Amino acid sequence: MKSISIIGSGPSGFYTAYHLLKKSPIPLNITLWEKFPVPFGLSRYGVAPDHPEVKNCEETFTQFANAYTIPSGSNNLMHKFQFIGNVQIDSEKLFKLRSIQDCVILSYGCNNDKKLGIPGENDTLGVVSSRQFVNWYNSYPENACATPEQWKGSDFWKNVKNVAIIGNGNVALDICRVLLTSNIKQYWQNTDINQASTEAIKHVSNVKIIGRRGYEQSKFTNKEFRELWELEKYGIKGNIDSKYLSNVDESKLDRAGTRRLEMVKEYMKPFDQRTKKNYKKFKPPSTFTKFWEFDYMKTPVKINKDARNNRISSITLAINKVNEMNKFVIDNSKPCIDYPIDFLITSLGYKGVNIDELGCQKHLNNIKFAGDHLATNREGQVLSSVDNKPIPGLFASGWIKTGSKGVIVSTMIDSFTVGDEVIKYLQCSATSNQQASIIDLQNTVLDSTNYKPTTWFDWLKLDAYEKKLGNPRRKIINIADMLKIIGK
Ligand code: FAD
Ligand code: NAP
């Protein structure tokens, strides 16, 4: 039997474990480590609450964990699986794990923010990253501390009407939808959104989504784009200035691009003048009360604040052009413009953290970092910062390997590929027979009694508790409360 530890229980950690146990001819003892008492990563804490179907992967993970977790009715199975939650793996713990496991797979996602790097970004009230904002409406535990940041209070939001989002990926569209529909009770009633957040942001009426490149380089996908337009049935109107569409070379568009352009053109027409049935599904009310707009070709250069209360007052943007090399650059011949806004969300993508930078760092693993994520060779083996060679027995899957790109399905495909490589690696490596039991593993890795690790069965208990509180669930925000409910 070979032993494997996987760090992180998001889609990549679970899909990697799932694939290994389905495909490995060698008996495996897999431990899935998670920093929170609860599993599922961004499926639980990232995916928008009005996209419940995306979370169906959790059903697959649950069936899989129920079948393999020891001790249950699974003792006859060739493989073993255990979940250990509420333990953050740092450089020290990873170092220990590598010495007692045949293989360690880093699947801990991207838990930090990409930054604009402009004045006012880090010290102005009312400027947050998409990660911070999404965490708030998704009841992420780290944000549930006793003294919430000032921007989360309803007093703060009383005067927030105009919001700008920098970046036009799907996360920006999720946030725009949440901001503008927060006052519509029926829209959110059967979701697990944090109700305190929707209540706070209900006065927001205008959202501008600002891209540094042109309309054709928009990062969102068509399904999410259509969802925004369809909000017109609630009196929420969208707009894209025709100047951004006039230069589009239609002959160069792919199928998705052609569809997208048709969508814009149709939805920009008054309802009765639309030519295709597809765009006439829901007649909007006679007046619109909330508005969103896509804005392009602008680079944020400065965030301006009200000196009396340190709150954001406006954002200064430079106008961009396309240069001779076909690159988007600031057009210095044009003056900057100021947009007065009450709140700014930078939605630039998530950034990975090097696990070697966590903990006391007495023992480093010499993991090479590649900008926003870990450096790996083609098949997922992590590269060393010392000699750029693959580190034996250390692999990565999911967002910490690829950076913050891709949907759950692409994360699944990546995890399966890495799983195959891990099997090949284990087949070639010497037999080690390290059958660390749960107790051994915990004693070796968790060197103090201060840890309160959670098991898969603890999670099932908490899961049932949350589902009793609401439909589909009401998430417990505070880790101390989670542990109390579990009885730890
Ligand atoms: P994660 O999901 O981030 O999982 C990483 C896990 O590791 C987390 O549980 C984390 O707590 C844990 N962890 C971190 N550090 C440690 C540590 N040191 N020790 C132990 N555990 C640790 N995809 C779709 O298909 N549809 C959508 O609608 C969709 N919506 C999204 C919305 C948002 C806001 C975001 C950001 C992404 C969305 N995605 C969506 C993409 C999808 O969430 C990702 O593809 C997927 O979650 C990546 O999985 P992962 O396991 O690599 O990372
Ligand atoms: P993303 O798709 O990478 O979009 C990031 C946006 O930020 C881009 O518009 C990018 O512009 C812009 N940007 C980055 N750095 C910038 C800078 N310094 N200045 C100005 N703009 C900057 O990231 P995301 O929206 O966070 O999504 C992450 C992944 O999750 C994506 O793969 C997404 O599809 C997936 N996701 C999927 C869903 C869904 O399926 N419903 C929902 C949410 C997320 P450029 O294009 O010019 O670089």
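Q: In which strand does Gly 393 lie?
A: The model is predicted: local features need pLDDT of at least 70, side-chain atom pairs count only at pLDDT 80 or more, and totals for chains, interfaces and linings use all residues; side-chain values use heavy atoms, with hydrogens and water left out. Residues are numbered from 1 along each chain as its sequence is written; chains are lettered from A and ligands numbered from 1 in the order written. Strands are DSSP runs of E with at least two residues, helices are runs of H or I with at least four, and both are numbered from the N terminus. Gly 393 lies in strand β20.

Q: Is Gly 393 buried or exposed?
A: Buried means under 20% relative accessible area, exposed over 50%, and partly exposed in between, with a 1.4 Å probe and protein chains only. Gly 393 has a relative accessible area of 7%, so this residue is buried.

Q: What distance separates the C-alpha atoms of Gly 393 and Tyr 425?
A: Along the chain, Gly 393 and Tyr 425 are 32 residues apart.

Q: Which residue of β2 is the bridge partner of Ile 6?
A: Strand β2 covers residues 28-33 and runs parallel to β1, with six bridges joining them. In β2, Ile 6 has as its bridge partner Leu 32.

Q: Which residue of β20 stands opposite Ile 105?
A: Strand β4 has β1 (residues 2-7) as a parallel partner over four bridges, and there Ile 7 stands opposite Leu 106. β4 also pairs with β20 (residues 390-396), again in the parallel sense, over three bridges. In that pairing, Ile 105 stands opposite Phe 395.

Q: Which residues cover the two faces of β4?
A: In a regular strand the side chains alternate between the two faces of the sheet. In β4 (residues 103-106), both faces are covered and the four residues are all buried. One side has Cys 103 and Ile 105; the other has Val 104 and Leu 106.

Q: Why is one side of β6 and of β9 left without a neighbour in the sheet?
A: The sheet is open and its pairing parallel, with six strands in the order β6-β15-β7-β8-β10-β9. β6 (127-129) and β9 (236-240) stand at the edges, so each has a single partner strand.

Q: Which residue of β8 is the bridge partner of Ile 166?
A: Strands β7 (residues 162-166) and β8 (residues 206-210) run parallel, joined by five bridges. In β8, Ile 166 is partnered by Ile 210.

Q: How much of the accessible area of ligand 1 does the protein bury?
A: A polar contact is a pair of N or O atoms within 3.5 Å; within protein, one must be able to donate a hydrogen and the other to accept it, and residues adjacent in sequence count only if both atoms are side-chain atoms. Oxygen atoms of ligand 1 lie 2.7 Å from a polar side-chain atom of Ser 12, and 2.9 Å from a polar backbone atom of Leu 42. Areas come from the Shrake-Rupley method with a 1.4 Å probe; for residues, only the protein chains shown count as cover. Ligand 1 alone exposes 1,000 Å², and the protein buries 93%.

Q: How many residues surround ligand 1?
A: A residue is near a molecule or strand if one of its heavy atoms lies within 4 Å. Ser 12, Glu 34, Trp 399, Ile 408 and Thr 411 are the closest to ligand 1, and the surrounding residues number 34.

Q: Which helix gives the most residues to the shell around ligand 2?
A: A polar side-chain atom of Glu 224 lies 2.8 Å from a nitrogen atom of ligand 2. A backbone N or O atom of Val 171 lies 3.1 Å from an oxygen atom of ligand 2. With three residues, the top contributor to the shell is helix α7 (residues 170-181).

Definitions and conventions. Pairing = 2+ DSSP bridges.
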